[in-house]
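Biologist: Can you walk me through this one? I have the file open and would like to start with the terms.

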Amino acid sequence: MGAAPEVTRFAPDAGNTRLLRDAFGRFATGVTVVTCGSDAGPVAITANSFTSVSLDPALVLWSPARASRRFAHFDRAEHFAIHVLAAEQAPLCWAIAEDAHALRGEAPRLSPEGVPLIDGCLARFECRRKAVYDGGDHAIMLGHVLRAELREDGDALAFFRGRIGVFAAE
Ligand SMILES: Cc1cc2nc3c(=O)[nH]c(=O)nc-3n(C[C@H](O)[C@H](O)[C@H](O)COP(=O)(O)O)c2cc1C
């Protein structure tokens, strides 16, 4: 038997949010880009808070940080699109994490509701906002999926312990 792994235990409070973030980061997720239209053109954010919620009705959620400079755009948007990134889209993940308007130069295709659509993703969910819930320093955006698409192949971009990786299905 090997030595027991070192464990850190704590009660979350305002003084140890870094540790809580690290603990949350032990949950491996995929990576999405959420887009919406705005007066300032296409707005996007990289988000790993996406969760599928309901099949019938088709519902999904994600959580934007209230402190984000992009928050007001998503708070106002009646429609948004969630793009599940493929392994080869890591550069897009970082570009959009750094710049809300990274898509501006790309002149992305717009949905009938004016939402920027990115191609080449593993899946895409075009949503109408159904509800916004209080989520502390984040908001919880529940979306009704109006249209969805999925790619038949491709590996996933993954996020774990603050790092991007690739998840390849066997
Ligand atoms: C992999 C990854 C996942 C992220 N997930 C979220 C998220 O779910 N919600 C969120 O508000 N920001 C998330 N972010 C941060 C935003 O993408 C972006 O970096 C941040 O909003 C930048 O600050 P600004 O909006 O003030 O420019 C994530 C960033 C990365 C790289």
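Modeller: Two strands count as paired if DSSP finds at least two bridges between them. Strands (E, at least two residues) and helices (H or I, at least four) are DSSP runs, numbered from the N terminus. This is a predicted model, in which local features need pLDDT of at least 70 and side-chain atom pairs count only at pLDDT 80 or more, while totals for chains, interfaces and linings use all residues. Residues are numbered from 1 along each chain as its sequence is written, and side-chain values use heavy atoms, with hydrogens and water left out.

Biologist: Fine. What is the bridge partner of Arg129 in E10?

Modeller: Gly143. The two strands there, E9 and E10, run antiparallel and are joined by 12 bridges. They form a hairpin with two residues between them, and Gly136 in that turn has a positive phi of about 65°.

Biologist: In what order do the seven strands of the open sheet come?

Modeller: E3-E2-E6-E9-E10-E5-E4, with antiparallel pairing. At the edges are E3 (43–47) and E4 (51–54), each of which pairs on one side only. From one strand to the next the twist averages 35°; angles run from 0 to 180 degrees between N-to-C directions, and axes are lines fitted to C-alpha atoms, for helices over the stretch in contact.

Biologist: And how many bridges join E4 to E5?

Modeller: Three, and the two strands run antiparallel. Ser52 sits opposite Val60 in E5. On to E10: E5 is joined to E10 by four bridges, also antiparallel, with Leu59 opposite His144.

Biologist: Why is E3 largely enclosed by the rest of the structure?

Modeller: Because four of its five residues are buried. Buried means under 20% relative accessible area, exposed over 50%, and partly exposed in between (1.4 Å probe, protein chains only).

Biologist: What lies across E2 and E3?

Modeller: Helix H3 (residues 90–98), running at about 115° to E3. Its residues Ala90, Cys93 and Ile96 are buried. They span an arc of only 135° around the axis, so they are on the same side of H3; that arc is taken from the directions from the helix axis to the C-beta atoms.

Biologist: What covers the buried residues of H3, and which exposed residues are on the face turned away?

Modeller: The cover includes E2, E3, E11 (156–160) and E12 (163–167), where contact means heavy atoms within 4.5 Å. The face turned away carries Pro91 and Glu98, both exposed.

Biologist: Which sheet has E11 and E12 in it?

Modeller: An open one of three strands, in the order E1-E11-E12, with antiparallel pairing. E1 (29–30) and E12 are its edges with a single partner strand each, so one side of each has no neighbour in the sheet. Five bridges pair E11 with E12, and Ala156 stands opposite Phe167.

Biologist: Change of topic: which residues of the largest nonpolar core touch the most other members?

Modeller: Val34, Trp62, Phe74, Phe80, Ile82 and Phe125, out of 20 residues. A nonpolar core is a set of buried Ala, Val, Leu, Ile, Met, Phe, Trp, Tyr and Cys residues joined through side-chain atoms within 4.5 Å. E2, E3, E5, E6 (79–84), E9 (123–135) and E10 (138–150) each supply at least two residues of this core. Apart from it lies another core, of 11 residues, including Cys93, Leu103, Ile118 and Leu157.

Biologist: What does Phe80 touch?

Modeller: Not counting residues up to four places away in sequence, its contacts include Val34, Trp62, Val115, Phe125, Arg129 and Leu142.

Biologist: Last one. What does UniProt list for residues 24–166?

Modeller: An unreviewed UniProt entry lists them as "domain: Flavin reductase like". UniProt positions are in the numbering used here, feature names are shortened, and annotations may be inferred rather than shown by experiment. In the model that span is 11% helix and 45% strand, and its end C-alpha atoms lie 19 Å apart.
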